[in-house]
Amino acid sequence: MSLDAAWAVDWVRRSEAAVVEHRDELVELDRQIGDGDHGENMARGFRAVVARLDALDTPPATVGDVMRLVATTLMSTVGGAAGPLYGTAFLRAAKAGAELDADGVVALLEAALEGVVTRGKASVGEKTMVDAWAPAVAAAVAAADHGAPPSEVLAAAARGAHDGAAATVPMVATKGRASYLGERSAGHLDPGARSSELILAAAAGAAAAADGPTAG
Amino acid sequence: MTDSGATVALVLVSHSRELAEGAAHVAGQMAPGVRVVPAGGTDDGGLGTSFDRVDGALRSATEGGGSAVVLADLGSAVLTTESVLELADPGTAERVRIADAPFVEGAVAAAVTAHGGADLAAVLAAAEAAAGTFGARGTRPEASAREVGAAAADATAAAGATAAAGPGTSGGREPDGSVRATAVLRNPLGLHARPAALIVRMLAPYDAKVQVDGVNAASVLELMKLGAVKDDVLTLTAQGPQAAEAVARLVSEVEGGFGEV
């Protein structure tokens, strides 16, 4: 069952709920190896996205439309690096069409990762959100190759992001504000990887809900 | 000059409103008439960068078709600026460059260079050369005013030309045709930011390449890197059609203490 604009809207609402619920956790992670504002920034940004969604006269028609709304809102409301990084990720994801099959989901996730990498110029292993997105994309590709439906592809992506975020704990940061801490950044989970994990879990949750109770 | 005839403008993107405004103030003081637009802090006055504020600053800096160099303090200031440029109209984005430079030093170098009428590439280059501004003190050989006479005599003998004795000399020629002279720093703080900027601005109209102790006298930061202090003897050299006039002017400016004595 392909994912449409309604799924994308639900994804956004679940993301907002997740970052608001985990705001203090994200603040604390960022306080340890950053400037302590990631939780506040993400909550503010996604609240603004939901507010814009609620203010629309008609619901968005395509997944791409939702992505673009998220992108432009986050870019202008999320301070710090997360604004431009997530903003660019969703902007690239906005190339997605009206509805997504499994390959479409993979393409959306790949585009988002490409946006993060292009904007932030980080590679895997530098202790950033890339360390959640890259394994998520890899897991999504593998799932789609095995013929999984979109909701399964996203579930795999969410698991990949979870494992990837956990893997940032021992890393020494070589990008972003945490890189100024050098070795002291090791032993902490990267806040951008954590918020990425939350957002991808929200995407999977929205897809599972769209499948409904009849899903096998 | 840029196509629009205006000097290149600067946009200073910082996580702090005060830092952006302060740096704009410092840079602007050394380059009156150059448009330096601060864009610091979030929309509610906190620490962070604001897409809208940067967007507004870039529009203001480039209105009328002008170009701009952006100085950014920390990584996400660069990211925000890049995001703004990605969503701006292509005509504007083409006229903007983000400098990979230290925030304050780059702003100062860029402002003074822009003030001299340089184009976008030159202003950008000046900002990016600003890293590693201050060399270690004591790497320059010290010389006192007493040694000036000896140095002047040597220069005269080497150049085979007669020159006035005394604290400052001018008009001697090097074997390669460069004009050479010495001058003694008189002002209490030596060759600090203000006189360095004055030298650059003063030499800009002359058709000559000038060096002070071997460094490019068209660069504020190269001059400051010398760490020259009061009573130091500066060796001035110049090449080009107006080399002699430029050196003579420079000697009198240095010996005059840049108006600080």
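I take helices (H or I, at least four residues) and strands (E, at least two) as DSSP runs, numbered from the N terminus.

**Ground rules.** I am working on a predicted model, so to speak: local features need pLDDT of at least 70, side-chain atom pairs count only at pLDDT 80 or more, and totals for chains, interfaces and linings use all residues.I take helices (H or I, at least four residues) and strands (E, at least two) as DSSP runs, numbered from the N terminus.

**Ground rules**

This is a predicted model, in which local features need pLDDT of at least 70, side-chain atom pairs count only at pLDDT 80 or more, and totals for chains, interfaces and linings use all residues. Residues are numbered from 1 along each chain as its sequence is written, chains are lettered from A and ligands numbered from 1 in the order in which they are written, and side-chain values use heavy atoms, with hydrogens and water left out.

**Entry 1: second largest pocket**

I looked up which elements of chain B line the second largest pocket. Helix H5 (103-115), helix H6 (120-128), helix H8 (193-203), strand E7 (209-212) and helix H9 (220-225) of chain B each supply at least two lining residues. A pocket here is an open set of points on a 1 Å grid over the protein atoms alone, where a 1.4 Å probe fits, with protein on both sides within 12 Å along at least five of seven lines; lining residues have an atom within 4 Å of a point. The lining of the second largest pocket counts 24 residues, and Thr113(B), Val200(B), Asn216(B), Ala218(B) and Ser219(B) lie nearest its centre. I noted a volume of about 520 Å³ for the second largest pocket. A volume is the space filled by probe spheres set on the points, which are joined across faces, edges and corners. By class, 17 residues of this lining are nonpolar, 4 polar and 3 charged. For these classes, Ala, Val, Leu, Ile, Met, Phe, Trp, Tyr, Cys and Pro are nonpolar, Asp, Glu, Lys and Arg charged, and the others, Gly among them, polar.

**Entry 2: largest pocket**

The largest pocket has a volume of about 820 Å³. I found 38 residues in its lining, with Ala81(A), Leu85(A), Lys175(A), Gly176(A) and Arg177(A) nearest the centre. Both chains supply elements: helices H2 (23-33), H3 (38-55), H5 (82-93), H6 (102-120) and H9 (191-211) of chain A, and helix H3 (75-87) of chain B, each give at least two residues. Which element gives the most to the lining of the largest pocket? H3(B) does, with 5 residues.

**Entry 3: helix H1 of chain A**

I checked the span of H1(A), residues 5-21. Its 17 residues should span 24 Å at 1.5 Å a residue, and the end C-alpha atoms are 24 Å apart, which agrees. The expected span is 1.5 Å times one less than the number of residues. Buried residues in H1(A) include Ala5(A), Trp7(A), Val12(A), Glu16(A) and Val19(A). Buried means under 20% relative accessible area, exposed over 50%, partly exposed in between (1.4 Å probe, protein chains only). At the start of H1(A), a side-chain oxygen of Asp4(A) comes within 3.1 Å of the backbone nitrogen of Ala6(A).

**Entry 4: aromatic rings**

How many aromatic pairs are there over all chains? The search of the whole structure gave 2. One is Trp11(A) with Phe90(A), tilted, at 5.7 Å centre to centre and 45 degrees between the planes. Rings of Phe, Tyr and Trp (its six-membered ring) pair if their centres lie within 6.5 Å; planes under 30 degrees apart are stacked, over 60 edge-to-face, the rest tilted. This pair links distant parts of the chain, as Trp11(A) sits in helix H1 and Phe90(A) in helix H5, 79 residues apart. Trp11(A) counts as buried because its relative accessibility is 2%. Phe90(A) is buried too, at 4%. Ring pairs link Trp7(A), Trp11(A) and Phe90(A) into a cluster.

Arg194(A) lies in helix H9. Is Arg194(A) buried or exposed? Its relative accessibility is 13%, so Arg194(A) counts as buried. Its side chain joins that of Glu25(A) in a polar contact of 2.5 Å. A polar contact is a pair of N or O atoms within 3.5 Å; within protein, one must be able to donate a hydrogen and the other to accept it, and residues adjacent in sequence count only if both atoms are side-chain atoms. Asn41(A), in helix H3, is buried at 5%. The side chains of Asn41(A) and Arg44(A) make a polar contact of 3.3 Å.

**Entry 5: positive phi in chain B**

Asp231(B), a residue other than glycine, has a positive phi near 80 degrees. It is in the loop between H9 and strand E9 (233-239). Asp231(B) is partly exposed, at 35%. Phe258(B) also has a positive phi, near 55 degrees. Phe258(B) is in the segment after helix H10 (243-255) and is buried at 2%.
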